[in-house]
Amino acid sequence: MSNNLEIKKQVVAEIKEKFENCQSAVLVDYRGLTVAEVTELRNLFRAAGVEYQVLKNTMIDLAVKQLGIEGMDEYLKGPTAVAFGMNDPASPAKILIDFMKKTKKMEIKCAVVEGSVLDKAGVQALSELPPKEVLIAKMMGSLNMPITGFVGVLSAVLKSLVYAIEAVRKQKSGE
């Protein structure tokens, strides 16, 4: 087997592994960016724990097909860069959408979240999700509410019982 074919297989395996390990992957057409803008974008990604790579469409196609991800063929045209969100599924989309608003360059192609392909509108919706910590805090607050309400009801019942006992005591003692 040729050395070139082995290198390509290794690249496909690495891309496949990233798609398996990431929480989301956003594909973009990066045409029009200056070197300074690419550097700024990479710094934003690095700070958020996002891996950003320019990849060949054929390699991406082979990797996603091995994973059984369907519906990406139409998006794998032209230059493609992929932002792999390793910690938070929304962070690559948020960073890219904000960066695109600022520079008026680049174009979202699609995203892959949990094996499902999202179009541009899906990526926009993903970018509007609150951070993971906020979602967890809201969920914990929701879970805490019934318990708080239950404690309040128990407290009210106990207070009523105490007031009733006090009233009976006062009635018997003639106060």
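This is a predicted model: local features need pLDDT of at least 70, side-chain atom pairs count only at pLDDT 80 or more; totals for chains, interfaces and linings use all residues.
Glutamate 37 belongs to helix 2 while lysine 105 is in the loop between helix 4 and strand 4, so the bridge ties together parts that are 68 residues apart in sequence. What about solvent? Glutamate 37 has 14% relative accessibility, so it counts as buried, the cut-off being under 20%. Lysine 105, on the other hand, is partly exposed, with a relative accessible area of 25%.

The structure holds seven salt bridges. Another of them joins the side chains of glutamate 51 and lysine 18, at 2.6 Å from N to O. Glutamate 51 is partly exposed at a relative accessible area of 30%.

Then there's lysine 120 with glutamate 107, where the closest N and O atoms are 2.8 Å apart. Here helix 5 supplies lysine 120 and strand 4 supplies glutamate 107, with the two 13 residues apart. Finally, Asp61, Lys65 and Asp73 are linked in a network of salt bridges.

## The nonpolar cores

Which residues touch the most other members of the largest nonpolar core? Leu41, Leu96 and Met106 do, out of 22 residues in that core. The elements giving two or more residues to this core are strand 1 (24-29), helix 2 (35-47), strand 2 (50-55), strand 3 (80-85), helix 4 (91-103), strand 4 (107-113) and helix 5 (120-127). Helix 4 gives the most, with six residues.

Leaving aside residues up to four places away in sequence, leucine 96 touches Val26, Val28, Leu41, Phe45, Ala83, Met106 and Ile108. There's also a second, separate core of 19 residues, and Leu55, Ala63, Met72 and Val82 are among its members. As background, nonpolar side chains tend to be buried together in soluble globular proteins.

## One side of helix 5

Helix 5 has Gly122, Val123, Leu126 and Ser127 as its buried residues. They cover an arc of only 140° around the axis, so they're on the same side of helix 5. What covers them? The cover includes strand 1, helix 4, strand 4 and strand 5 (116-118).

## Out along helix 6

Ile136, Met139, Met140 and Leu143 form a nonpolar patch on the surface, and together they have about 400 Å² of accessible area. Methionine 139 has its place in helix 6 (residues 132-173), and with 49% relative accessibility methionine 139 counts as partly exposed.

Lysine 170 lies in helix 6. Its relative accessibility is 38%, so lysine 170 counts as partly exposed. How far apart are the C-alpha atoms of lysine 170 and phenylalanine 84? They're separated by 72 Å, with the two residues 86 residues apart along the chain.

Definitions and conventions: Residues are numbered from 1 along each chain as its sequence is written. Side-chain values use heavy atoms; hydrogens and water are left out. A nonpolar core is a set of buried Ala, Val, Leu, Ile, Met, Phe, Trp, Tyr and Cys residues joined through side-chain atoms within 4.5 Å. Buried means under 20% relative accessible area, exposed over 50%, partly exposed in between (1.4 Å probe, protein chains only). Helices (H or I, at least four residues) and strands (E, at least two) are DSSP runs, numbered from the N terminus. Contact means heavy atoms within 4.5 Å. Patches are made of residues with over 30% relative accessible area and no salt bridge: like charges are joined within 9 Å, nonpolar side chains (Val, Leu, Ile, Met, Phe, Trp, Tyr) within 5 Å. Accessible areas come from the Shrake-Rupley method with a 1.4 Å probe; for residues, only the protein chains shown count as cover. A salt bridge is a side-chain nitrogen of Lys or Arg within 4 Å of a carboxyl oxygen of Asp or Glu. The arc is that of the directions from the helix axis to the C-beta atoms.
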